[in-house]
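Here's a quick tour of one protein model, written for someone just starting out. Keep the 3D view open while you read, and try to find each spot as it comes up.

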Amino acid sequence: MNKMLTEQDFIFKNFSEDLPEKGSFTWKTPSNIALVKYWGKRDPQLPENPSISFTLDACFTITTLEFKKSNLVQGDQKINFDVFFADEKKDDFKPKIQIFFERIKQYVPFISDYDFVIRSRNSFPHSSGIASSASGMSALALCIMSLEKELSPNMTDAYFNKKASFLARLGSGSASRSIEGELVVWGNHNDIQGSNDLYGVEFPSTVHDNFKNYHDTILLVDKGEKQVSSTVGHDLMHGHPFAEKRFEQAHQNLSELNEILQNGDLKRFINIIESEALTLHAMMLTSNPCFILMKPNTLTIINKIWEFRARTNSNICFTLDAGANVHVLYPENEKELVINFIESDLIKYCQNNHYICDRVGLGAKQFE
Ligand code: PMV
């Protein structure tokens with residue numbers, strides 16, 4: 001089923017009285033790194049511009065959702081749940097999840113009939129500056145979709161993935177890109193078939209071999225809490241003096257990247273990826289209030305990457321999230337060259353010499 005779905009298609013209709021009493025589902029869901037960045041949104045969690053990301057492999061969340069029929073009358077209360085992160089009860093995680101449940105209730109009304117226990121852990125350290133909302137929210141969305149599939153066993157895999165992405169988006173925009181692999185587009189773009197604002201879709205064209213098993217070594221420059229939450233960051237794009245131009249530029253960059261991913265032009269790839277990273281930070285540098293999310297070591301690493309590239313003609317490049325860590329991207333056939341360079345020249349700029357070797361991955365997996 002490759003038809004584009006609308007919001008109406010995601011409203012659960014065949015409500016049966018035959019709900020399972022209790023059970024649990026577990027999903028392992030990857031993080032992702034955006035190549036063309038999503039920055040700026042409108043209600044309800046719709047992007048102001050399309051984005052595309054590499055699905056990652058080594059950075060993931062594993063979430064188990066335990067469900068049990070509730071004694072409360074359906075629909076009259078907030079959803080009752082507890083959250084454990086790395087075996088520790090985490091009441092401070094509850095407000096964000098409560099908002100997520102409230103937003104998705106109209107599409108999965110059966111969740112009101114249950115009490116839940118959510119048990120989650122990440123493969124990466126919690127305080128690593130790596131955002132866990134993409135993997136965390138997509139894992140939870142997938143667990144809820146597994147429950148929906150119990151009620152609608154004939155559901156196709158395509159519908160399952162689209163609705164999982166749709167629900168994940170309502171928790172965190174970038175989570176919509178953490179269901180499938182290896183490249184996912186979220187947000188409507190004229191050149192990319194099936195792309196839309198409601199859910200992420202796999203990049204539909206054949207990807208050049210140059211981008212197969214692409215590497216992302218994440219240099220942990222600053223492992224502190226995020227200085228600016230993404231909610232605040234997206235909000236700063238309302239009334240931002242450069243917002244409209246930026247949204248337009250993201251469309252153009254995605255048009256170009258669409259071609260590059262098919263023709264394998266690594267030099268043009270580098271040019272767009274680094275410009276996207278610096279533009280994301282430029283938006284924060286020029287917002288009101290303004291923020292500097294890079295640290296001195298972020299800039300040192302970027303300069304070292306540029307020197308190394310000029311010296312060796314390597315296809316190494318960097319991208320950034322809304323923080324100080326640097327994602328170093330490079331093709332499979334340069335992995336020895338680049339990892340040697342990272343170890344000898346860059347690790348010293350990481351907090352406690354910490355870095356994570358990741359690469360492009362295939363998407364979420366259910367654990368039986
Ligand atoms: O999904 P959010 O609301 O946390 O926003 C994430 C935005 C960036 O990570 C900075 C860019 C992106 O496209 O992932």
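Leaving aside its neighbours within four places in sequence, which residues is T279 in contact with? They are R246 and Q249. Keep in mind that you're looking at a predicted model.

- To find T279, head for helix α6.
- Is T279 buried or exposed? T279 counts as buried, because its relative accessibility is 13% and the cut-off for buried is under 20%.

**Around the ligand**
- The ligand has 14 residues surrounding it, and the closest are Y38, S172, S174, R177 and S230.
- Sort that shell by class and you get 5 nonpolar, 6 polar and 3 charged residues.
- R177 puts a polar side-chain atom 2.7 Å from an oxygen atom of the ligand.
- S230 does something along those lines, with a polar side-chain atom 2.8 Å from an oxygen atom of the ligand.
- How much of the ligand's accessible area does the protein cover? On its own the ligand has 380 Å² of accessible area, and the protein covers 92% of that.

- Search the whole structure and you'll find 15 salt bridges.
- One of them joins E66 and R119, with the closest N and O atoms 2.7 Å apart.
- Why does this pair tie together parts that are 53 residues apart in sequence? It's because E66 lies in strand β4 (residues 51-69) while R119 lies in strand β7 (residues 114-122).
- E66 is partly exposed, with a relative accessible area of 26%.
- R119 is partly exposed as well, with a relative accessible area of 37%.

**Salt bridges: the helix pairs**
- E256 forms a salt bridge with R268, and here the closest N and O atoms are 3.0 Å apart.
- That pair links distant parts of the chain: E256 is in helix α5 (residues 243-263) and R268 is in helix α6 (residues 266-285), 12 residues apart.
- E256 has a relative accessible area of 32%, so it's partly exposed.
- R268 also counts as partly exposed, at 29% relative accessibility.
- R268 has another partner, E259, and the closest N and O atoms of this salt bridge are 3.6 Å apart.
- E259 is partly exposed, with a relative accessible area of 45%.
- Elsewhere, salt bridges that share partners join D82, K89, D91 and K94 into one network.

**A glycine in a loop**
- Where is G323 found? Look in the loop between β11 (317-320) and β12 (326-330).
- G323 and Q227 are 96 residues apart in sequence, yet their C-alpha atoms are 7.7 Å apart in space.
- If you skip its neighbours within four places in sequence, G323 is in contact with H281 and L293.

Methods: Residues numbered from 1 in each chain as written. Predicted model: local features only at pLDDT ≥ 70, side-chain atom pairs only at ≥ 80, totals over all residues. Heavy atoms only, no water. Near = heavy atom within 4 Å. Polar contact = N/O pair within 3.5 Å; in protein donor to acceptor, adjacent residues only side chain to side chain. Areas by Shrake-Rupley, 256 points an atom, 1.4 Å probe, with all protein chains shown as cover. Nonpolar A, V, L, I, M, F, W, Y, C, P; charged D, E, K, R; others polar. Helix = DSSP H or I, 4+ residues; strand = E, 2+ residues; numbered from the N terminus. Contact = heavy atoms within 4.5 Å. Salt bridge = Lys/Arg side-chain N within 4 Å of Asp/Glu carboxyl O. Buried < 20%, exposed > 50% of the residue type's maximum accessible area, 1.4 Å probe, protein only.
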